[in-house]
Amino acid sequence: MWPYDRLHAACTEPATHTVQADGGDRYVVCDGHALAARTQITDGQVLPGLPA
C-alpha cells in the first residue's frame with residue numbers, strides 16, 4: 001500500500017511525448033503514460049517529443 005494518494009499524484013518521470021487529443025488539448029507525458037495512452041485513446045495521437 002502506498003503511503004500517499006498515488007492516483008492523484010503528479011508523475012515524476014521526465015516528459016518525452018505529447019498526447020494530442022481530438023478536441024485540440026495537448027498533454028505532455030512520460031514514456032509509460034505514452035504507452036498507456038496509445039492503448040486507451042480512440043481519437044487523438046501520441047507523438048514523440050514535446051510541443052514547440
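## Contacts of G44

G44 is in contact with Q20, A21 and D22, leaving aside its neighbours within four places in sequence. This comes from a predicted model. G44 lies in strand β3, which covers residues 44-48.

How exposed is G44? Its relative accessibility is 37%. Buried means under 20%, and exposed means over 50%. G44 therefore counts as partly exposed. R26 sits 18 residues from G44 along the chain, and their C-alpha atoms are separated by 9.7 Å.

## The partner Q20

Q20 is one of the residues that G44 contacts. Its place is in strand β1, residues 17-21. Which residues does Q20 touch, leaving aside neighbours within four places in sequence? They are D25, R26, G44, Q45 and L47.

Q20 has a relative accessibility of 22%. The cut-off for buried is under 20%, so Q20 counts as partly exposed. Between the C-alpha atoms of Q20 and D43 there are 8.9 Å, and the two residues are 23 apart along the chain.

## The overall layout

The protein has 52 residues. Its elements are 1 helix and 3 strands. From the N terminus on, they run β-β-α-β. Along its principal axes, the C-alpha trace spans about 35 × 25 × 15 Å.

Take the contacts with a separation of 6 or more: 36% of them join residues 24 or more positions apart.

## Core and surface

Of the residues in the protein, 15% count as buried. The largest nonpolar core has 5 residues in all: V19, V29, A34, A37 and V46. In soluble globular proteins, nonpolar side chains tend to be buried together.

A34 is one member of this core. Not counting residues up to four places away in sequence, A34 touches H17, V29 and V46. V29 and V46 belong to the core too.

The accessible surface of the protein comes to about 4300 Å². Carbon and sulfur atoms account for 56% of that surface.

## The largest pocket

What is the volume of the largest pocket? It is about 280 Å³. The lining consists of Y4, R6, L7, A9, A10, C11, T12 and H33. By class, this lining has 5 nonpolar, 2 polar and 1 charged residues.

Key: Residues numbered from 1 in each chain as written. Predicted model: local features only at pLDDT ≥ 70, side-chain atom pairs only at ≥ 80, totals over all residues. Heavy atoms only, no water. 1 Å grid on protein atoms, 1.4 Å probe; cavity = no way out; pocket = protein on both sides within 12 Å on 5 of 7 lines; lining within 4 Å. Points joined across faces, edges and corners; volume = space filled by probe spheres on them. Nonpolar A, V, L, I, M, F, W, Y, C, P; charged D, E, K, R; others polar. Helix = DSSP H or I, 4+ residues; strand = E, 2+ residues; numbered from the N terminus. Buried < 20%, exposed > 50% of the residue type's maximum accessible area, 1.4 Å probe, protein only. Contact = heavy atoms within 4.5 Å. Areas by Shrake-Rupley, 256 points an atom, 1.4 Å probe, with all protein chains shown as cover. Core = buried A, V, L, I, M, F, W, Y, C linked by side-chain atoms within 4.5 Å.
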